[in-house]
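Subject: Structure handover

Hello,

Here is the structure I said I would pass on. My notes on it come after the display.

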Amino acid sequence: MLGRIHSIHFLISMSLFGSLFAGLNFLKFEAKGGQEVSTVDLFGRSSYYITNNEEKFVSSEMIPLFLLALGMIFLLFITLMSYKKLSRQLSLARLTLMINALLVFLFVIWSTYLFFDAPSTYNNSVRIGFYLLSCTLPFTYFGYKGVLRDKMLLDSIDRLR
């Protein structure tokens, strides 16, 4: 199971989704004076007020993005563990790839909307969590291609028998 390269790709993708639970920010909105800061992470949107290099918590808005990350980790794990039934693993890998692509696409659109919705006096920036989420897509794709390659190899061996 772990000897195949697509298993490594799926594990890397799972670890990237898991690293988002460390509280890494996706987006950061900062007022030009640097006194108001708003961040978006896996658990929601938080606002802080900075005075004398101390952050004071202002408000929090719950956005359950962590459920999507948990769902993707679970789906990647099920895909990884169904290595004995290659056709099932291929269909699960295809489903995982489509959901991951849709998730990344929707997050890019949502972040663009948040950037345009922010006041013009704010500095907007993309943080490390956004890049980690974007990096899950190529690893899921490479995992899917590895499963497809294994299926094609086994089908060609079956034709020879």
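This is a predicted model: local features need pLDDT of at least 70, side-chain atom pairs count only at pLDDT 80 or more; totals for chains, interfaces and linings use all residues.

Helix α4 covers residues 128-160, which makes 33 residues. From its first C-alpha to its last it reaches 49 Å, close to the 48 Å expected at 1.5 Å a residue. Its buried residues are Gly129, Phe130, Leu132, Leu133, Thr136, Thr140, Gly143, Tyr144, Gly146, Val147 and Asp150. They pack against α1 (5-19), α3 (86-117) and β5 (122-126).

Helix α1 has 15 residues and an end-to-end C-alpha reach of 21 Å, close to the expected 21 Å. Its buried residues are His6, Ser7, His9, Phe10, Ser13, Met14, Leu16 and Phe17. These pack against α2, α3 and α4.

The nonpolar core

The largest nonpolar core has 31 residues, and those touching the most other members are Phe17, Leu20, Phe26 and Leu133. Two or more residues come from each of α1, β1, α2, α3 and α4. The largest share, eight residues, is from α3.

What does Phe17 touch, leaving aside its neighbours within four places in sequence? Its contacts are Ala69, Met72, Ile73, Leu76, Asn100, Leu103, Leu133 and Thr136. Of these, Leu133 and Thr136 are among the buried residues of α4.

On the outside there is also a nonpolar patch on the surface, formed by Leu102, Phe105, Leu106 and Ile109, with about 400 Å² of accessible area together. Phe105 is placed in helix α3.

Around the end of α2

Thr79 is in helix α2 (residues 65-81). Is Thr79 buried or exposed? Its relative accessible area is 0%, so Thr79 counts as buried. Beyond its neighbours within four places in sequence, Thr79 is in contact with Phe10, Gln89, Leu92, Ala93 and Thr96. Phe10 is one of the buried residues of α1.

Ser82 lies in the loop between α2 and α3. Ser82 is buried too, because its relative accessible area is 8% and the cut-off is 20%. Not counting residues up to four places away in sequence, Ser82 touches Arg88, Gln89 and Leu92. Gln89 and Leu92 are also among the contacts of Thr79.

Glu30

Glu30 lies in strand β1 (residues 27-31) and is partly exposed, at 26% relative accessibility. Apart from residues up to four places away in sequence, Glu30 touches Glu36, Val37, Thr121, Tyr122 and Asn123. The C-alpha atoms of Glu30 and Ser125 are 8.4 Å apart in space, while the two residues are 95 residues apart in sequence.

Salt bridges

How many salt bridges are there? The count is two.

One joins Arg4 and Asp150, with the closest N and O atoms 3.5 Å apart. Arg4 is in the segment before α1 and Asp150 is in helix α4, so this pair ties together parts that are 146 residues apart in sequence. Arg4 is partly exposed at 25% relative accessibility, whereas Asp150 is on the list of buried residues of α4.

The other pairs the side chains of Asp155 and Lys151, at 3.7 Å from N to O. These two are four residues apart in helix α4, so about one helical turn separates them. Both count as partly exposed: Asp155 at 33% relative accessibility and Lys151 at 23%.

Regards

Notes: Residues are numbered from 1 along each chain as its sequence is written. Side-chain values use heavy atoms; hydrogens and water are left out. The expected span of a helix is 1.5 Å times one less than its number of residues. Buried means under 20% relative accessible area, exposed over 50%, partly exposed in between (1.4 Å probe, protein chains only). Contact means heavy atoms within 4.5 Å. Patches are made of residues with over 30% relative accessible area and no salt bridge: like charges are joined within 9 Å, nonpolar side chains (Val, Leu, Ile, Met, Phe, Trp, Tyr) within 5 Å. Accessible areas come from the Shrake-Rupley method with a 1.4 Å probe; for residues, only the protein chains shown count as cover. A salt bridge is a side-chain nitrogen of Lys or Arg within 4 Å of a carboxyl oxygen of Asp or Glu. A nonpolar core is a set of buried Ala, Val, Leu, Ile, Met, Phe, Trp, Tyr and Cys residues joined through side-chain atoms within 4.5 Å.
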